[in-house]
Amino acid sequence: MGNRLCMFGGCIPQSKVGIVEQWGRFQRVAEPGFHFFNPLAGESLAGVLSTRISSLDVRVGTKTKDNVFVQLVCSIQYRVIKENADDAFYELQNPKEQIQAYVFDVTRAIVPRMNLDELFEQKSEVAKAVLEELEKVCLRNGDPMIALLDIAWQ
């Protein structure tokens, strides 16, 4: 009897949200706690997303205007916004790889236009450009799917 009951319910851990589908179509976002699902009506838990702050270090190798090769490490902190968890679940296949790709693109577009000295002086400008580009990508219908909390160059 206990195993049969588990098919009809699921527990969403604290600091996570669940994506509930009915017949394969998004139905609702489930908050943390125990939830009942009706498999006879096609309800199921499609996945679980963490709403904790995640950190991603992106190491970018590029060349400056004066032909100096540099290794930049960009530390990005982000989290999924609960209210838009469904957009984040369905729109972003692999957020870490997508964020990393945009950091590479922006960095490799900006850094080759600067000398090494300018790069160290304008490190915050590069971080600002990366943040602006990532915010464009993380928006859907004007609402952010992922909150970008901090970007720092090491």
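Residues are numbered from 1 along each chain as its sequence is written, and side-chain values use heavy atoms, with hydrogens and water left out. As the model is predicted, local features need pLDDT of at least 70 and side-chain atom pairs count only at pLDDT 80 or more, while totals for chains, interfaces and linings use all residues.

Let's start with strand E2, residues 16-22. The names come from DSSP runs, numbered from the N terminus: helices (H or I) have at least four residues and strands (E) at least two. In E2, 5 of the 7 residues are buried, so the rest of the structure largely encloses this strand. Buried here means under 20% relative accessible area, exposed means over 50%, and partly exposed is in between (1.4 Å probe, protein chains only).

Now for the partners of E2. Two strands pair if DSSP finds at least two bridges between them. E2 is joined by 7 bridges to E5 (residues 43-50), and the two run antiparallel; in that pairing, Ile19 sits opposite Gly47 of E5. Another 5 bridges tie E2 to E3 (residues 25-30), again antiparallel, with Gln22 having Arg25 as its bridge partner in E3. E2 and E3 make a hairpin with 2 residues between them, and Trp23 in the turn has a positive phi of about 55 degrees.

Put together, the 3 strands make an open, antiparallel sheet in the order E3-E2-E5. E3 and E5 are at the edges with a single partner strand each, so one side of each has no neighbour in the sheet. From one strand to the next, the twist averages 30 degrees (axes are lines fitted to C-alpha atoms, for helices over the stretch in contact, and angles run from 0 to 180 degrees between N-to-C directions).

On to the rings. The structure holds 3 aromatic pairs: rings of Phe, Tyr and Trp (its six-membered ring) pair if their centres lie within 6.5 Å, and planes under 30 degrees apart count as stacked, over 60 as edge-to-face and the rest as tilted. One of them is Phe26 with Tyr90, edge-to-face at 6.1 Å centre to centre and 80 degrees between the planes. This pair links distant parts of the chain, with Phe26 in E3 and Tyr90 in helix H2 (residues 85-91), 64 residues apart. Phe89 and Tyr90 are also edge-to-face, at 5.0 Å and 90 degrees. Ring pairs link Phe26, Phe89 and Tyr90 into a cluster.
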